[in-house]
Amino acid sequence: MNISIQKKIWTLAAIVLFFMATIWIALTYYNQKTQDRYNDILQRYLRMNEVTTASQQIITSLNNYLMTPSEANLTQLDESRESILGAKNEVNMLRNAENAFVLTSYMNLIDSLVETTDRSLIFQSEKETEASSQAFTEATRISKYISEMTLTLIDTELRTYDRFYRGIIEQSKELRELGVWLLMLITFLLLVFTYWFSLSITRPVLKLTQAAKELSRGRFDLVVEVESNDEISFLAKMFDRMRININNLISEIQQKAQLENELQQNKLLLQESQLRSLQSQINPHFLFNTLDTLSKKAYLEGSEETSDLLVSVAGLLRYNLKRLDRSVTLYDEVKVMRQYIDIQKARFTERLRLHIELDESCLYVQIPGLTLQPIVENAVIYAVEPEEEGGNIWFRVIDGEERVTIEIEDDGPGMTEEKIQSILAEHAVEAEGHSTGIGMSNVVKRLHLFYGLEDVIDIKSGSGRGTKVIMKIPKTRGIETYDKAPDRR
């Protein structure tokens with residue numbers, strides 16, 4: 001498993017952070033625990049002191065009321081009574097095994113103080129002033145007892161938690177020693193890891209340096225081996241591959257030097273072979289001239305049909321050698337379509353029946369080259385060739401206000417809607433039969449490009465209902481760059 005140098009550095013940082021975080025969490029936890037315990041003890045002292053303060057406050061409030069029995073002083077006395085009762089409940093929560101007896105007496109004194117205060121109020125309300133004064137004196141004495149017993153309880157608490165204070169001091173000293181040892185341990189581990197990490201980098205680098213020195217001396221046969229699991233290992237592999245490539249290149253140069261004389265001799269033979277290959281190519285014009293000669297010879301021998309067929313073949317071949325992006329007139333397209341039909345009639349005889357309805361006033365419109373023949377050819381392949389009795393093809397040219405409508409219809413088996421959509425979407429459809437190789441989808445694409453319109457062609461068909469291709473050709477074109485290419489000769 002390869003570990004990058006960056007991952008090694010991150011691992012070192014993660015280990016350091018882990019140790020530091022562990023120590024920090026442990027110290028924080030211990031410190032918080034000690035602080036909570038200390039605060040708990042301090043709260044015990046404060047609660048006991050609150051009882052003393054509350055007892056003195058209730059005596060003061062009782063004295064104020066006895067001297068001035070007003071509603072405000074009575075309210076203040078009630079608040080003092082509630083305060084000492086609340087302090088009593090909080091102190092009662094501080095009970096433990098060592099202060100249980102003293103704390104019980106403490107609770108009783110508080111209850112006695114509250115009862116004596118209530119009795120003094122009752123005597124005051126009954127106009128028994130002397131009895132009320134005696135009750136007030138007794139309440140004052142009980143308040144002093146409470147203050148003295150508070151000091152006794154606090155002293156008991158101090159003796160109880162004396163060991164705790166000493167333990168905190170001892171633990172603090174041990175904690176400091178532990179921190180020193182941990183610091184020394186972490187420092188040692190970091191030094192060891194740093195030494196190992198530096199070796200894992202410097203040792204492979206030294207091996208690479210030594211290998212580079214050997215290569216500079218021309219020793220390309222020594223294998224570069226570096227034991228590492230990081231980027232240096234990859235660098236060593238690439239370095240060794242470079243050594244192998246250089247060694248192979250030197251071998252290839254030596255072999256090429258040996259073969260140079262043979263290549264010079266073979267070059268002359270190759271040039272001669274190329275000349276012979278060029279001489280064996282057929283010139284299309286030579287083919288046209290040959291077909292014209294055969295046509296005239298057939299005519300002179302009385303084979304007029306053969307002569308006409310050869311003329312049609314020569315005309316169709318010459319027309320097909322034009323570029324597909326060549327702009328022609330509808331007249332030219334109709335002419336080559338007739339020649340194609342003549343050739344196919346020689347094959348299918350009466351099985352091929354062509355019906356033409358032509359408005360000759362529309363033959364001037366511009367149309368892409370080789371548009372009609374592939375559509376008619378498609379009708380021959382699907383509607384005529386498979387049927388024993390052949391089939392019919394209707395070709396119509398109808399004039400309109402802005403467009404000329406061209407319809408090519410057959411009575412064949414038709415095509416599926418899926419195939420129609422595929423053709424109109426300009427998706428290539430595998431050709432069948434003896435096709436010239438220019439498919440319907442190619443015709444659709446060239447019509448779209450030629451006129452810049454999407455509705456220039458449509459196909460109507462259905463299972464068993466034949467196929468009708470409808471082209472609506474604009475009389476004036478919106479794109480004039482299509483026909484700038486010269487004829488292909």
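**Hairpin, cores and surface**

Analyst: In the hairpin formed by E6 and E7, where five residues lie between the strands, Gly464 takes a positive phi near 80°. Please keep in mind that this is a predicted model.

User: How do E6 and E7 run, and how many bridges join them?

Analyst: E6 and E7 run antiparallel and are joined by five bridges; within this pairing, Ile459 stands opposite Val469 in E7.

User: And how many bridges join E5 to E7?

Analyst: Eight bridges join E5 to E7, and these two strands also run antiparallel, with Val404 having Ile473 in E7 as its bridge partner.

User: Why is E7 described as largely enclosed?

Analyst: Because six of the eight residues of E7 are buried, the strand is largely enclosed by the rest of the structure.

User: OK, on to the packing. Which residues touch the most other members in the largest nonpolar core?

Analyst: That core has 39 residues, and Leu330, Leu372 and Met471 are the ones that touch the most other members. Among the elements that give two or more residues to this core are helices H9 (330–348) and H10 (372–384), together with strands E5 (403–410), E6 (457–461) and E7 (467–474).

User: What is Leu330 in contact with, leaving aside its neighbours within four places in sequence?

Analyst: Leu330 is in contact with Cys362, Leu363, Val365, Ile367, Leu372, Val397 and Ile406. There is also a second, separate core of 29 residues, which includes Ile41, Val51, Leu66 and Leu121.

User: Switching to the surface, which residues form the nonpolar patch?

Analyst: The patch is formed by Ile15, Phe18, Phe19, Leu185, Phe188, Leu189 and Val192, which together have about 630 Å² of accessible area. Helix H1 (5–67) and helix H5 (162–216) are the elements that give two or more residues to the patch, and H5 supplies the largest share, four residues.

User: Why does Leu185 count as partly exposed?

Analyst: Leu185, which is placed in helix H5, has 45% relative accessibility, so it counts as partly exposed; the exposed class begins over 50%.

User: Back to backbone angles: which residues have a positive phi although they are not glycines?

Analyst: Lys127 is one of them, with a phi of about 70°, and it sits in the loop between helix H3 (100–125) and helix H4 (129–160). Thr349 is another, with a phi of about 50°, in the loop between H9 and strand E2 (352–358).

User: Are those two buried, partly exposed or exposed?

Analyst: Lys127 counts as exposed because its relative accessibility is 72%, whereas Thr349 is partly exposed, with a relative accessible area of 49%.

Note on methods:
Residues numbered from 1 in each chain as written. Predicted model: local features only at pLDDT ≥ 70, side-chain atom pairs only at ≥ 80, totals over all residues. Heavy atoms only, no water. Core = buried A, V, L, I, M, F, W, Y, C linked by side-chain atoms within 4.5 Å. Buried < 20%, exposed > 50% of the residue type's maximum accessible area, 1.4 Å probe, protein only. Contact = heavy atoms within 4.5 Å. Patch = residues over 30% accessible without salt bridge, like charges linked within 9 Å, V, L, I, M, F, W, Y side chains within 5 Å. Areas by Shrake-Rupley, 256 points an atom, 1.4 Å probe, with all protein chains shown as cover. Salt bridge = Lys/Arg side-chain N within 4 Å of Asp/Glu carboxyl O. Pairing = 2+ DSSP bridges.
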